Amino acid sequence: MSNEDLIFGRNSVTEALKAGRSINKIFLLDDKNNIPLKKIFALAKEKKIVAEFLSRAKLDKLSGGKNHQGVIASASPVQYSTTEEILSLAAEKNQSPFIILLDELEDPHNFGAILRTADAVGVHGVIIPKRRSVSLNSTVAKTSSGAAEYVKVAQVTNVAETLKKFRDLDLKIVGSDICAEKNFSDADLTGGIVLVIGSEGKGMRRLTKENCDLLVKIPMVGKINSLNASVAGAVLMYEIFNQRSKVGD
């Protein structure tokens, strides 16, 4: 199935079906007493999607050892959005753009968790580089618990040029940096904003950092001086969400 994307897990498959994702076929554990799987089968039947029942051993082999929870969906390759579509979504909602840019994030679990938070706080879209970055895949879909089906994700060739384009549209570029002087809670994070989150361990690249209008940090008093990228992203996204809510962005 090299030309297809496999989606694992009950929540991820259910949300993919509900969202109208192009599903070619679903594979279910042959367990007639499993109520959650029965519901997925009924939803697939409603969508006129072929379902095949397999043994656990065959599902394990198909999933490559990943935790499939008794269901795997074979979907067409993920269709990425564009930056224009992300901006259009904000305009349609009459809201100031709220965008996340992930600068060479590599861990699909972090990406999935970020998408889940992004969906919760009303982010209009997430942007990733085409090279040296995690892409949308089955691990991301599962970790996001279905959020990958709803949050627009765009790939760009040049991060610095993309940030310049957003600045020309009067969006504020805010980067997360442990060495920043300003605490995130002291920063004005209202209005159109692009939040930049760097890669695990390395943070933002130099050129990306230079294209930020503002750098903020999350203060910490423990012995470990950094947070997981998805945790840091969640803290910052909720601060932006709270500030925007107060001013009606």
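The protein chain contains 9 helices and 11 strands. Its radius of gyration is 20 Å, close to the 18 Å that the globule rule gives for 249 residues, so the chain is as compact as a globular protein of that length. The model is predicted. Along the principal axes, the C-alpha atoms fill a box of roughly 60 × 45 × 35 Å.

Burial and contacts were computed next. Of the 249 residues, 47% count as buried. Contacts were considered between residues at least 6 apart in sequence; 81% of these join residues at least 24 apart.

The surface and the charges were also examined. The accessible surface of the protein chain comes to about 12,700 Å². Carbon and sulfur atoms account for 48% of that area. The chain carries 34 positive and 29 negative charges.

Helix H5 was then considered in detail. H5 spans residues 108-121 and has 14 residues. From its first C-alpha to its last, H5 reaches 20 Å, close to the 20 Å expected at 1.5 Å a residue. The buried residues of H5 are Asn110, Phe111, Gly112, Ile114, Leu115, Thr117, Ala118 and Val121. An α-helix has 3.6 residues a turn, so residues three or four places apart point the same way. The buried residues of H5 pack against both strands and helices. The strands are S5 (98-103), S6 (125-129), S7 (153-156) and S10 (193-198). The helices are H6 (138-143) and H9 (229-247).

Key: Residues are numbered from 1 along each chain as its sequence is written. This is a predicted model: local features need pLDDT of at least 70, side-chain atom pairs count only at pLDDT 80 or more; totals for chains, interfaces and linings use all residues. Side-chain values use heavy atoms; hydrogens and water are left out. Helices (H or I, at least four residues) and strands (E, at least two) are DSSP runs, numbered from the N terminus. The radius of gyration is taken over C-alpha atoms; the globule rule is 2.2 Å times the number of residues to the power 0.38. Buried means under 20% relative accessible area, exposed over 50%, partly exposed in between (1.4 Å probe, protein chains only). Contact means heavy atoms within 4.5 Å. Accessible areas come from the Shrake-Rupley method with a 1.4 Å probe; for residues, only the protein chains shown count as cover. Lys and Arg count as positive and Asp and Glu as negative; His and the chain ends are not counted. The place of a charge is taken as NZ of Lys, CZ of Arg, CG of Asp or CD of Glu. The expected span of a helix is 1.5 Å times one less than its number of residues.
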